[in-house]
Amino acid sequence: MTISLCAYEEISFIPQNFDTGVAEFTKRKKPEIWFKYHENDLIIGCACLLFLSKDTARLSRLFVLPEHRSKGIAAELIKGREEYARIKNLKKIDAKTYLDYQKYGFFVKQEYKNNFYWWMKILKK
């Protein structure tokens, strides 16, 4: 299984065929890069890296097909986007999610209602 960059069009079948929960799959005005987790030609998961500024990006729109969950795919997509952000010399990445990002070295920047968090990570070279 592999993580690679992809166009939004490659993963657009996901919001058309699955309940993506709070993740909205629409095009945005800020630059974004999509990642797909795939085995051969089968896309199993996807995630987005949204560029907020010249030194900060947001990990967003993480989705794994239901039959492939609990296999570490989400973790691989988190790590893959972080690695890409480092290669691009970004200084910070963040995420707004219900998921626990502390295990990936993030700290809570802000806590919202219903166990929703704004996570932040300073990237060291």
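**Reading the loops and cores**

Analyst: Let's start with Ser70, which sits in the loop between β4 and α3. Please keep in mind that this is a predicted model.

User: Why does Ser70 count as exposed?

Analyst: Exposed means over 50% relative accessible area. Ser70 has 81% relative accessibility, so this residue counts as exposed.

User: Which loop holds Asn89, and what is its phi?

Analyst: Asn89 is found in the loop between α3 and β5. Its phi is positive too, at about 60 degrees, although Asn89 is not a glycine.

User: What makes a group of residues a nonpolar core, and how many residues does the largest one have?

Analyst: The members must be buried nonpolar residues joined through side-chain atoms within 4.5 Å. The largest such core here has 25 residues, and Leu49, Leu59, Leu77, Ile93, Tyr101 and Phe106 are those with the most contacts inside it. Elements giving two or more residues to this core include β2 (32-39), β3 (42-51) and α3 (73-87). The largest share, six residues, comes from α3.

User: Which residues does Phe106 touch?

Analyst: Leaving aside residues up to four places away in sequence, Phe106 touches several, among them Leu59, Ile93, Tyr101 and Trp119.

User: Which residues does the second core include?

Analyst: This separate core of ten residues includes Tyr8, Ile14, Trp34 and Cys48. In soluble globular proteins, nonpolar side chains tend to be buried together.

Methods. Residues numbered from 1 in each chain as written. Predicted model: local features only at pLDDT ≥ 70, side-chain atom pairs only at ≥ 80, totals over all residues. Heavy atoms only, no water. Buried < 20%, exposed > 50% of the residue type's maximum accessible area, 1.4 Å probe, protein only. Helix = DSSP H or I, 4+ residues; strand = E, 2+ residues; numbered from the N terminus. Contact = heavy atoms within 4.5 Å.
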